[in-house]
Amino acid sequence: MALEKEAKIWFNGKLVDWDEAKIHVLSHVLHYGSSIFEGIRCYKTEKGPAIFRLKAHLLRMLRSCKIYRIELPYSREEIKQAIIDTIKANNLEECYIRPLVFRGYDSLGVNPYPCPVEMVIATWKWGRYLGEDAIEKGVAVKVSSWNRMAPNTFPFLAKLGGNYINSQLMKMEAISDGYSEAIALDTFGYVSEGGGENIFLVLEGKIYTPPLYASILPGITRDSVITLAKDLGYEVKEELIPREMLYIADEVFFTGTAAEISPINSIDKIKIGGGGRGPITKELQEAFFRITSGKEDKYGWLTFVK
Ligand code: PMP
């Protein structure tokens with residue numbers, strides 16, 4: 001799905017025209033993947049656009065900056081306001097929000113320190129990431145031949161641009177093999193996550209998801225689903241999951257800002273449960289969409305734009 005142009009992009013503190021938000025080809029980020037980003041959704045509600053879990057996304061972004069030794073020239077409050085200003089400038093009822101911090105143009109050695117820290121915030125309309133049917137019918141996926149990064153190689157707790165080469169390799173292999181997404185194992189062979197999603201499974205009424213040390217990004221949708229599931233009375237176990245446990249699970253689903261809660265109907269051509277959306281996945285989706293639609297906000301997860 002090609003990007004639909006909006007009016008403005010926030011670029012180093014100012015709202016500029018979409019087509020004017022450009023950088024030099026010799027910017028550090030382009031050569032070495034030196035960026036940090038977030039992916040946030042803003043949902044349409046009766047009270048106007050509402051940003052889902054903005055505080056948690058900003059915290060993750062600041063933590064990513066700390067891990068990558070970047071000092072952001074903007075405060076959390078300034079970034080929050082900049083996001084709201086960008087949504088308003090583009091007059092959007094619902095959108096995807098992409099804050100990006102990167103090392104810009106100065107010198108082209110690997111050392112990023114001489115290069116300026118720059119920041120952009122873009123917003124655009126984005127539908128269902130894994131296809132319109134994904135939420136109900138689910139997606140067919142494979143276990144990737146690529147593993148997630150090993151501990152102490154790339155910092156998986158940070159959302160760094162360079163980390164996404166691994167996700168791209170997974171995605172390209174999946175598409176070439178006729179799937180929409182793949183699941184990666186960690187370097188020890190345990191289930192890790194999708195290329196842009198965390199993963200959950202349901203077995204005998206209990207919910208399982210890999211722990212942070214299985215090379216996963218600490219997903220905000222993952223955290224939301226754990227909270228919702230516990231509130232609905234389910235036991236949620238964050239523990240190492242062997243690959244074959246996916247095959248025997250009653251339900252498997254992805255979580256992510258883009259993918260929301262998307263059921264997985266087969267893995268490596270093995271049918272999962274009944275081969276459609278399972279009842280616990282559906283229950284969690286309903287609880288999740290009740291909040292994102294603004295019908296209830298008992299955890300204070302919504303930030304209203306107006
Ligand atoms: N893992 C990876 C690798 C991701 O890129 C994403 C998307 N940000 C997720 C998990 C899900 O995270 P979140 O729920 O915060 O979007």
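## Basis of the model

The model is predicted: local features need pLDDT of at least 70, side-chain atom pairs count only at pLDDT 80 or more, and totals for chains, interfaces and linings use all residues. Residues are numbered from 1 along each chain as its sequence is written, and side-chain values use heavy atoms, without hydrogens and water.

## Ligand site

Thr-221 places a side-chain N or O atom 2.6 Å from a ligand oxygen atom. For Arg-60, a polar side-chain atom lies 2.8 Å from an oxygen atom of the ligand. Lys-159 has a side-chain N or O atom 2.8 Å from a ligand nitrogen atom.

## Helices α6 and α8

Helix α6 spans residues 220–231, and helix α8 spans residues 279–292 (helices are DSSP runs, H or I, of at least four residues). They pack at about 110 degrees, with axes 10 Å apart (axes are lines fitted to C-alpha atoms over the stretch in contact; angles run from 0 to 180 degrees between N-to-C directions). The two are therefore roughly perpendicular (65 to 115 degrees).

Thr-221, Val-225, Leu-228 and Ala-229 of α6 meet Leu-284, Ala-287, Phe-288 and Ile-291 of α8 (heavy atoms within 4.5 Å). This contact of α6 with α8 has seven nonpolar residues, one polar and no charged.

## Helices α2 and α3

Helix α2 covers residues 54–67 and helix α3 residues 76–89. Their angle is about 125 degrees, and their axes lie 11 Å apart.

From α2, the contact uses Leu-54, Leu-58, Leu-59, Met-61 and Leu-62. From α3 come Arg-76, Ile-79, Lys-80 and Ile-83. Seven residues of the α2 contact with α3 are nonpolar, none polar and two charged.

Terms used: Parallel < 35°, antiparallel > 145°, perpendicular 65-115°, else oblique. Nonpolar A, V, L, I, M, F, W, Y, C, P; charged D, E, K, R; others polar. Polar contact = N/O pair within 3.5 Å; in protein donor to acceptor, adjacent residues only side chain to side chain.
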